[in-house]
Amino acid sequence: MKKTIGLYVHIPFCVKKCAYCDFASFSGREGDEETYVDAVLREAERRSGLEADIATLYIGGGTPSILPPQLMNRLLSGLRKRFVFLPDAECSCECNPGTVTADFLSVLRSHGINRLSFGAQAAQPRLLSLLGRIHTWARVEESVELARQAGFQNINLDLMLGLPTQTIEDVKETLEAALQLSPTHLSCYGLIVEEGTQMRRMVESGAWTLPDEDTEREMYELCRETLFRHGFAQYEISNFALPGFACRHNVDCWKRKEYIGLGSAACGFLGSTRYQNPPLLSDYLAGKPAEETGLSPEDAMFESVMLGLRMTEGVSNRDFLRMHGVSINEVYGEKLRKPLAQGLIAWHGDRLRLTRRGMDVQNSVLVELL
Ligand code: SF4
């Protein structure tokens, strides 16, 4: 049987940089969009020789929905020409609600995109403005409505927690507003104040104050409880889905399934090598090669545990044994003792999982294993 892999395509353009964003994304580069799509298709041509079918496609960014419909059409037709997609492939596209049009969505549908992910973030105008988002909540509602009219049923909304001035009441209101839109999936991310961002400068200068740890934990708990009540299951630290709607692309990445990454800053994982394309648009367009990192057996085992523990199902010892030829206990038995005793991780039959408490301190658990 032919193997299956994932495909990720990075679109690095945005209307405007958000205050918290350290992703490889650039504003004011509309003139480069066409050249970029052609460069991605050339890369697709180079990387398309693998004997593998595409099980999942994820178009992320940046803002994929910033591309004019005819360019997205060129990109998707080009990918379909170069790769063989499984008939039931999960094909996702990230959209910024400030940029979505009916024409754009219709192009996505015509090429088999069957899952949309909207960066909605928060329902309060003051928070959207503080984040530097280009849309209102009304625009989120309109975009989801447009998506429904175009025939999309599988819709994710990204929400953010732990924002400066955000209250528990704000989170409650945002969750209610989000659930009104009947999404199949919600991602609730805690804000990370990244170096070099406007957010970092504002927080460090004292102009913006973050909620304390207890309040942020309470926000997260509120998300969990509210979403459980509405039939969502948590399948990863930040991700919740109705039955059958977990994002297959992300789950495959956490299970260390191979994937091709195309575009500037895109990462890929093939065989025992991870690669990253040049993060700078100019370097990518100039044809600078990807940086490749060969994984040692130890790296691969650590990845299995690190990525597996993000998921609520945890890491299967049987899968670990099949993949690496040794059991989790043979490699990490000694190092697991402390977090097991502290109740941060626990065995559930064949699976090692983070406990609820362990989810809050995932990084310190991983440091024990390093
Ligand atoms: S839209 Fe997304 S990628 Fe673009 S600047 Fe904002 S957070 Fe970053």
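How many C-beta neighbours inside 10 Å does leucine 181 have, and does leucine 181 count as buried, partly exposed or exposed? The first legend takes this up. The structure is a predicted model, in which local features need pLDDT of at least 70 and side-chain atom pairs count only at pLDDT 80 or more, while totals for chains, interfaces and linings use all residues. Residues are numbered from 1 along each chain as its sequence is written.

**View A. Leucine 181 lies in the loop between helix 6 (168–180) and strand 8 (185–190).** Helices (H or I, at least four residues) and strands (E, at least two) are DSSP runs, numbered from the N terminus. Leucine 181 counts as partly exposed because it has 17 C-beta neighbours inside 10 Å; a residue is buried if 20 or more other C-beta atoms lie within 10 Å of its own, exposed if 12 or fewer, and partly exposed in between, with C-beta atoms placed from the backbone. Not counting residues up to four places away in sequence, leucine 181 touches Glu141, Val144 and Leu157, where contact is taken as C-beta atoms, placed from the backbone, lying within 7 Å. From C-alpha to C-alpha, leucine 181 and serine 117 are 13 Å apart in space, although 64 residues separate them in sequence.

**View B. Strand 7 (residues 154–161) is mostly covered, with seven of its eight residues buried.** Two strands pair if DSSP finds at least two bridges between them. Strand 7 pairs in the parallel sense with strand 6 (residues 115–121) over six bridges, and arginine 115 has asparagine 154 of strand 7 as its bridge partner. Strand 7 also pairs in the parallel sense with strand 8, over six bridges, where leucine 157 has leucine 186 as its bridge partner.

**View C. Glycine 6 is found in strand 1 (residues 3–11).** Glycine 6 counts as buried because 24 C-beta neighbours lie inside 10 Å. Leaving aside residues up to four places away in sequence, glycine 6 touches Ala55, Thr56, His249, Asp252, Cys253, Lys257 and Tyr259. Asparagine 250 is 244 residues from glycine 6 in sequence, yet the two are 9.4 Å apart in space, C-alpha to C-alpha.

**View D. Helix 1 (residues 33–47) and helix 2 (residues 69–82) have axes that come within 10 Å and cross at roughly 5°.** That makes helix 1 roughly parallel to helix 2, a term for angles under 35 degrees, whereas those over 145 count as roughly antiparallel, 65 to 115 as roughly perpendicular and the rest as oblique. Axes are lines fitted to C-alpha atoms, for helices over the stretch in contact, and angles run from 0 to 180 degrees between N-to-C directions. Residues of helix 1 in the contact include Val37, Val40 and Leu41, and those of helix 2 include Leu71, Leu75 and Leu79.

View E. Strand 15 and strand 17 (residues 351–354) pair in the antiparallel sense over two bridges, and the bridge partner of serine 316 in strand 17 is arginine 351.

Technical notes: Two residues are in contact if their C-beta atoms, placed from the backbone, lie within 7 Å.
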